[in-house]
Amino acid sequence: MVENKKIFDLAVIGGGPAGISAAIYARRGNFEVLVLHNGGGSLEKAHKIENYYGFKDGISGAELYNEGLLQAENLGIAVKKLEITHFEVNSDGNFEILAGEQKFEAKSLVLATGNKKLRPKIKGLQDFEGKGVSFCAVCDAFFYRKKNVVIIGNGKFALSEADVLANVASSVKILTNGENCDELKKLNTKYSIDERKIEEIKGDENSGLVNSLVFFDGEILSTDGIFIALGEAGAADFAKKAGIFLDGDKIKTDEKMQTNFPGIFACGDCTGGLLQVSKAVFEGALAGLSAIAFLRNKAGNYPKS
Ligand SMILES: Cc1cc2nc3c(=O)[nH]c(=O)nc-3n(C[C@H](O)[C@H](O)[C@H](O)COP(=O)(O)OP(=O)(O)OC[C@H]3O[C@@H](n4cnc5c(N)ncnc54)[C@H](O)[C@@H]3O)c2cc1C
């Protein structure tokens, strides 16, 4: 584990308009800010933005995204491109954010990870949510003691979920459901990987619980539990593990973008509502200001002059 010695005042997970806006406000309050992002947010995918203030000919989403990162760096914000798998609270009450072998520490945290679609389209998946289909290994692993489980996923996030489950389950297998898994193959040394597409999830008629899944080639795989960890961890994944309240897969906040967890704020698409750049920037500003208020209220944490 590479521990970065510096303790930041604020860490922001997400480098889109919400995360960068939060970071800018906190930095301009004279705090030390770190932005962790992994590219590929919604903004980067937008071909052309024509409804955001200030660009007479519109601007491509990728260009706006990069300009945001540069603006942050120019203000002295540390920006790092890494995939975050989870975060923990340490004995000092600070947040430890983990990205593979790297660990960062901060006194407050903003979640701005965008609008991640968690659910793969597999027949039966929705029917078995909470009855053998789970979206959070830390929350539900204990139910699968000495049982056989599979993870549907294709990257670092799937591996970190597998590591949690491997401590309690008797077998853990990763199913990529036909998704690209080059990165997973490079990193994985422990778990068997099956790349076939899954047609259906089935359950036991009596118990109503998951008992198998069927691949498109007709083969049936028996399993007691199915954990969904596709792509990278999103705000809802982080939230579930930390006990942050959700509304569906969106983070619940008050009007100041505070979550129920002191020191953790959320903004942008991950809080739901209008999924637009203007709303992400607005909420980011509020989250940044709330982080400043939180930091100032913490004893001895007034900004340096
Ligand atoms: C095709 C398309 C077209 C659009 N067109 C418009 C438009 O014309 N006008 C408009 O206003 N809006 C448009 N939008 C919506 C707009 O892009 C979003 O509302 C806005 O980008 C939300 O900002 P955000 O910061 O909340 O999230 P995002 O822009 O999605 O940024 C999320 C950030 O989180 C990071 N992240 C996520 N998970 C992790 C992880 N595990 N580790 C590290 N980093 C992580 C990503 O790398 C990224 O930096 C469009 C969206 C799409 C998809």
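Trainee: What radius of gyration would a compact globule with 305 residues have, and what does the chain have?

Mentor: The radius of gyration is taken over C-alpha atoms, and the globule rule is 2.2 Å times the number of residues to the power 0.38. For 305 residues a compact globule would come near 19 Å, and the chain has 20 Å, which agrees. Along its principal axes the C-alpha trace spans about 65 × 50 × 35 Å. Please note that this is a predicted model, in which local features need pLDDT of at least 70 and side-chain atom pairs count only at pLDDT 80 or more, whereas totals for chains, interfaces and linings use all residues. Residues are numbered from 1 along each chain as its sequence is written, and side-chain values use heavy atoms, with hydrogens and water left out.

Trainee: How many helices and strands does the chain have?

Mentor: Both are DSSP runs numbered from the N terminus: helices are H or I with at least four residues, and strands are E with at least two. The chain has 8 helices and 17 strands.

Trainee: What share of the residues is buried, and what share of the contacts links residues 24 or more positions apart?

Mentor: Buried means under 20% relative accessible area, exposed means over 50%, and partly exposed lies in between (1.4 Å probe, protein chains only). Of the 305 residues in the chain, 50% are buried. Contact means heavy atoms within 4.5 Å. Among contacts with a separation of 6 or more, 58% are between residues 24 or more positions apart.

Trainee: How many positive and negative side chains are there?

Mentor: Lys and Arg count as positive and Asp and Glu as negative, while His and the chain ends are not counted. A charge is placed at NZ of Lys, CZ of Arg, CG of Asp or CD of Glu. The chain has 37 positive and 40 negative side chains, and the centres of the two sets lie 3 Å apart.

Trainee: How many salt bridges does the chain hold?

Mentor: A salt bridge is a side-chain nitrogen of Lys or Arg within 4 Å of a carboxyl oxygen of Asp or Glu. The count comes to 15. One of these joins lysine 6 and glutamate 32 at 3.1 Å, N to O. Lysine 6 lies in strand E1 (residues 2-13) and glutamate 32 in the loop between helix H1 (17-28) and strand E2 (33-37), so the pair ties together parts that are 26 residues apart in sequence.

Trainee: Are the partners in such bridges buried or exposed?

Mentor: Lysine 107 and aspartate 9 meet in a salt bridge at 3.4 Å, N to O. Lysine 107 lies in strand E6 (residues 102-111) and aspartate 9 in strand E1, so this pair ties together parts 98 residues apart in sequence. Lysine 107 is buried, with a relative accessible area of 19%, and aspartate 9 is buried at 3%. In the bridge between glutamate 50 and lysine 48 (3.8 Å, N to O), glutamate 50 is exposed at 61% and lysine 48 is partly exposed at 44%. Asp194, Arg196, Asp217 and Glu219 are linked in a network of salt bridges.

Trainee: Where does serine 222 lie, and with which residues is serine 222 in contact?

Mentor: Serine 222 lies in strand E13 (residues 220-222) and counts as exposed, at 59% relative accessibility. Leaving aside neighbours within four places in sequence, serine 222 is in contact with Asn211 and Ser212. Serine 222 and threonine 259 are 37 residues apart in sequence and 39 Å apart in space, C-alpha to C-alpha.
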